[in-house]
Amino acid sequence: MPPMRIPILLLSAGLCLTLTHAAELPFLYPQSDAFRQQLAKTKLRNIVLIDYHIHIRGGMILEKAIRRQDQSGIKSAVLENFGREWPLSDNAKLKGFIDIHAQPQPDGRRVPVGIQVNDRDWFTQIDPALRQRLDYVLADTMIMGLTAEGTPRRLWLPGVTIGDPAAWMVEYMAHNLRILDEPISILANPTYLPPCIAGRYDELWTEERMRQLIAKAVSKGIALEIQAGSDFPKPAFLKLAKTMGAKFSFGSNNFNDKTKDLARWFDTIELLDLKPADCWLPK
Ligand SMILES: [Zn+2]
């Protein structure tokens with residue numbers, strides 16, 4: 001009898017290792033009680049969560065996005081940046097990206113595929129046939145103006161300074177409205193402010209400006225994103241957007257294949273008492 005036990009023990013040890021490994025895969029959500037409860041509460045609201053901001057970068061790949069979806073029930077949509085200084089810098093690269101990621105899986109399912117646009121003339125650069133194949137286009141307002149070297153200024157980078165915040169805000173507001181004029185689907189990280197002036201949010205984002213931005217998004221059917229881990233937009237903006245009939249989308253905005261804490265999503269769903277009709281879906 002004793003020799004018979006050895007393979008069984010080995011088998012159990014192997015199975016145990018496999019399970020531990022699976023539970024620790026960084027691209028899957030940790031199955032904590034708190035997380036399960038939040039998902040159950042969202043389900044009770046009949047809200048189907050879709051993460052429209054999963055970048056294929058830093059080790060994140062389509063297969064992991066699909067496994068994450070299957071494990072959590074939160075639907076995955078994938079995108080990558082299109083623009084001159086970005087991974088999808090021309091139509092050939094964009095075509096390659098769509099060909100790979102929009103392909104149906106063996107079971108026939110397919111995840112929505114989008115792009116994040118970074119140049120303000122993006123819609124004149126994209127082959128219309130390729131644009132047709134995209135499920136959505138996401139844009140944020142976090143690149144404006146030029147650096148001393150003449151490259152687009154990325155407002156989130158350390159060292160960005162703004163001498164006259166009030167004057168800058170006028171320019172930034174125009175930038176926001178211009179982006180909403182583009183044929184985009186989702187405004188990511190709305191009302192973002194660079195770290196150097198983020199403390200002046202209430203002063204710079206006046207109610208009038210918030211209303212102007214929200215009204216334009218609503219009239220054009222553009223979703224306002226609730227991004228995991230972001231401080232923007234603040235509750236005052238979110239509440240106003242809800243009363244003005246805005247649609248909301250959810251996003252994680254990853255830099256690698258690790259999951260993010262989704263507290264921001266769940267808190268906003270509760271804060272705004274969101275219903276399925278408040279959540280944006282591609283046309
Ligand atoms: Zn992004």
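Modeller: The buried residues of helix α4 pack against α3 (62-72), β2 (75-82), β3 (113-117) and α6 (128-133). Contact here means heavy atoms within 4.5 Å, and helices (H or I, at least four residues) and strands (E, at least two) are DSSP runs numbered from the N terminus. The model is a predicted one, in which local features need pLDDT of at least 70 and side-chain atom pairs count only at pLDDT 80 or more, whereas totals for chains, interfaces and linings use all residues. Residues are numbered from 1 along each chain as its sequence is written, and side-chain values use heavy atoms, with hydrogens and water left out.

Helix α4 covers residues 91-101, and its buried residues are Leu94, Phe97, Ile98 and His101. Viewed down the axis of α4, these residues fall within an arc of 95 degrees and so line one face of the helix; the arc is that of the directions from the helix axis to the C-beta atoms. An α-helix has 3.6 residues a turn, so residues three or four places apart point the same way. On the face of α4 turned away from the buried side are the exposed residues Ala92 and Ile100. Buried stands for under 20% relative accessible area, exposed for over 50%, and partly exposed for the range in between (1.4 Å probe, protein chains only). At the N-terminal end, α4 is capped by Asp90, a side-chain oxygen of which lies 3.1 Å from the backbone nitrogen of Ala92. A polar contact of this kind is a pair of N or O atoms within 3.5 Å; within protein, one must be able to donate a hydrogen and the other to accept it, and residues adjacent in sequence count only if both atoms are side-chain atoms.

The protein donors of the zinc ion are His53 (NE2), His55 (NE2), Gln116 (OE1) and Asn253 (OD1), at 2.1 to 2.7 Å from the ion. Distant parts of the chain are linked by Gln116 in strand β3 and Asn253 in the loop between β9 and α11, which are 137 residues apart. Donors are N, O and S atoms within 2.8 Å of the metal (3.2 Å for Na, K and Ca), and sites may look incomplete because water is not among the atoms. Along the chain, the donors follow the spacing H-x1-H-x60-Q-x136-N. Both Gln116 and Asn253 are buried.

The arrangement around the zinc ion is irregular because its 4 donor atoms subtend angles of 81 to 179 degrees. Four donors count as tetrahedral if all angles lie between 85 and 135 degrees; four count as square planar and six as octahedral if opposite donors are over 155 degrees apart and all others between 65 and 115; anything else is irregular.

Asn254 is found in the loop between β9 (248-251) and α11 (263-272), and is buried, with a relative accessible area of 3%. The side chain of Asn254 reaches the backbone nitrogen of His55 at 2.6 Å, and a polar atom of that side chain lies 3.0 Å from the backbone oxygen of Asn256. His55 is itself one of the zinc donors. Apart from neighbours within four places in sequence, Asn254 is in contact with His53, Ile54, His55, Arg57 and Met60.

Asp257 also lies in the loop between β9 and α11. With a relative accessible area of 10%, Asp257 is buried. Not counting residues up to four places away in sequence, Asp257 touches Pro26, Phe27, Gly58, Gly59, Met60, Lys64 and Arg68.

The wider chain gives the setting. The protein chain has 11 helices and 9 strands, and 46% of its 283 residues count as buried. Of the contacts in the protein chain between residues at least 6 apart in sequence, 75% join residues at least 24 apart. Along its principal axes, the C-alpha trace spans about 85 × 45 × 40 Å.
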